[in-house]
Amino acid sequence: MIEYEEGVKACCIAAKLWMATPVTTRCNIVTEIGKALEAKLKPLSELVAHEVGKPLTKAIAEVKEVIDACNSAVQYSKQSQLVVSHIEEWRPYGVIAVITPFYLQCAALGQNAWLVLVTGNCVIWRGPVESPSVTIAITKLIAGVLEKNNLTGSIFTSFAGGSELNKAIVGKVVKHIVVERFGKCLLESDRKNAITVLSDADIQLAVEAIVRDTVGTADQGLSTCHRLFLHEIIYGDVLDRLSQRYGSITIGNPLETGTELGLLFSHATKKHFLQLIDAIKSQGGKILTCGSDTKYARNIVQPTIVEISTSAKIVKGGWVFPVILVFKYQSWEEVIETNNNVCKGSSNFIYTGQAKVISTWGIFT
């Protein structure tokens, strides 16, 4: 607690200096941060893959996203300067906290922190407890850039370690505290995605997309697909192809080329996976593929396909495991009603050759 208070105090002191720094200088520094991260793209990506279990290709994409975000923030700031002529109209808040989850520790940071810096605010980053090494590595790179420009590293302060956070609970608590003092808070909700495949869709294209969103981002991605709606005409064909594709998925070391599904980030998460499977079975769910971890050791699980009724309680929930619930439908309205009945916001990817159906989705949602 003492270290935390000292870090916050140092960041607040640094905020006065950073506010007075010209916007062009701030933009140049953020550009340098992007270059410093790009120079360490490979080791940073390997660190993400090793610490979180994300396949290396996904880790590389995430680190690239945080690099691209540097350029986007700088361009945004330059465009804003043109709008307000030669008078800078930014009104910095001072210090802004950024809290990121383990499955997007780099990307979520980049989407927020660089805009915070170019607009004259300091950053306090609470990195995920599950990946402290990534937090430390990125912080050291940023501190190096700041110190090279004769600025204190406290402008970007981070905290690693501590107890595991439930992101939904933390978000509610933070929002309540900030609103009490009329502050501003930006929260990003979980996306419990769905995929709908209509009878006229390209089945093979749809199957590959389903695998990518149910397995490719499982346990390390926010947008993991949880529900799959298949039209009754193509239901059996899609399930057969999907089951066959699931059987060929490469599971193992996330650092090895070709790995499609890496490790869960902790043994506790693996227990939660098994608890989820038990809950599905208790609610009448039928396991079509896998559903156990008997073949693998460590924190590896098998991607799972489940048939279950839309009335089951588990359908309204969400998780970050490679588990997908499959439903057979007859009418388009049935899909809309089921998908809108989840407890949190949900998108729905639609595979169809009928543009009219896509516009209907926009009308009904």
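Me: Contact here means heavy atoms within 4.5 Å. Going by that, which residues in α5 meet α2?

Reply: This is a predicted model, so take every value as computed from it. The axes of α2 and α5 come within 8 Å of each other. On the α2 side, the residues involved are Val 23, Arg 26, Cys 27, Val 30, Ile 33 and Leu 37. Their partners in α5 are Trp 114, Leu 117 and Val 118.

Me: How do α2 and α5 run, roughly parallel or roughly antiparallel?

Reply: Their axes cross at roughly 150 degrees. Angles over 145 degrees count as roughly antiparallel. So the call for α2 and α5 is roughly antiparallel.

Me: Which element gives the most residues to the largest nonpolar core?

Reply: That core has 44 residues, and Ile 33, Trp 114, Ile 138 and Phe 156 touch the most other members. Elements supplying at least two residues each include α1 (2–20), α2 (23–39), α5 (105–118) and β3 (156–159). The top contributor, with nine residues, is α4.

Me: Setting aside neighbours within four places in sequence, what does Trp 114 contact?

Reply: Trp 114 is one of the core residues that touch the most other members. Its contacts include Val 30, Ile 33 and Leu 37, and those three sit in α2.

Me: How far apart should the ends of α3 be, and how far apart are they?

Reply: Helix α3 covers residues 41–52, which makes 12 residues. The expected span is 1.5 Å times one less than the number of residues. That predicts 16 Å, and the end C-alpha atoms agree, being separated by 16 Å.

Me: Which residues of α3 are buried?

Reply: Buried means under 20% relative accessible area. Residues three or four places apart in an α-helix point the same way, so a repeat along the helix is worth looking for. In α3 the buried set is Leu 41, Leu 44, Ser 45, Val 48, Ala 49, Glu 51 and Val 52.

Me: Which strands are at the edges of the open sheet?

Reply: Six strands make up this sheet, in the order β6-β7-β8-β5-β4-β9, with mixed pairing. An edge strand pairs on one side only. That applies to β6 (286–289) and β9.

Me: Which residues are on the covered face of β9?

Reply: Side chains in a regular strand alternate between the two faces of the sheet. Strand β9 has Phe 349 and Tyr 351 on its uncovered face. Asn 348 is also the bridge partner of Ala 194, and β4 and β9 run parallel, joined by four bridges. The covered face holds Asn 348 and Ile 350.

Me: Is Asn 150 buried or exposed?

Reply: Asn 150 sits in the loop between α6 and β3. Its phi is positive, about 60 degrees, although it isn't a glycine. Most residues other than glycine have a negative phi. With a relative accessible area of 72%, Asn 150 is exposed.

Me: What is the separation between the C-alpha atoms of Gly 258 and Thr 57?

Reply: Gly 258 lies in the loop between α9 (235–247) and α10 (267–282). At 48% relative accessibility, Gly 258 counts as partly exposed. Along the chain, Gly 258 and Thr 57 are 201 residues apart, yet their C-alpha separation is 8.6 Å.

Conventions: Residues are numbered from 1 along each chain as its sequence is written. This is a predicted model: local features need pLDDT of at least 70, side-chain atom pairs count only at pLDDT 80 or more; totals for chains, interfaces and linings use all residues. Side-chain values use heavy atoms; hydrogens and water are left out. Buried means under 20% relative accessible area, exposed over 50%, partly exposed in between (1.4 Å probe, protein chains only). Two strands pair if DSSP finds at least two bridges between them. A nonpolar core is a set of buried Ala, Val, Leu, Ile, Met, Phe, Trp, Tyr and Cys residues joined through side-chain atoms within 4.5 Å. Axes are lines fitted to C-alpha atoms, for helices over the stretch in contact, and angles run from 0 to 180 degrees between N-to-C directions. Angles under 35 degrees count as roughly parallel, over 145 as roughly antiparallel, 65 to 115 as roughly perpendicular and the rest as oblique.
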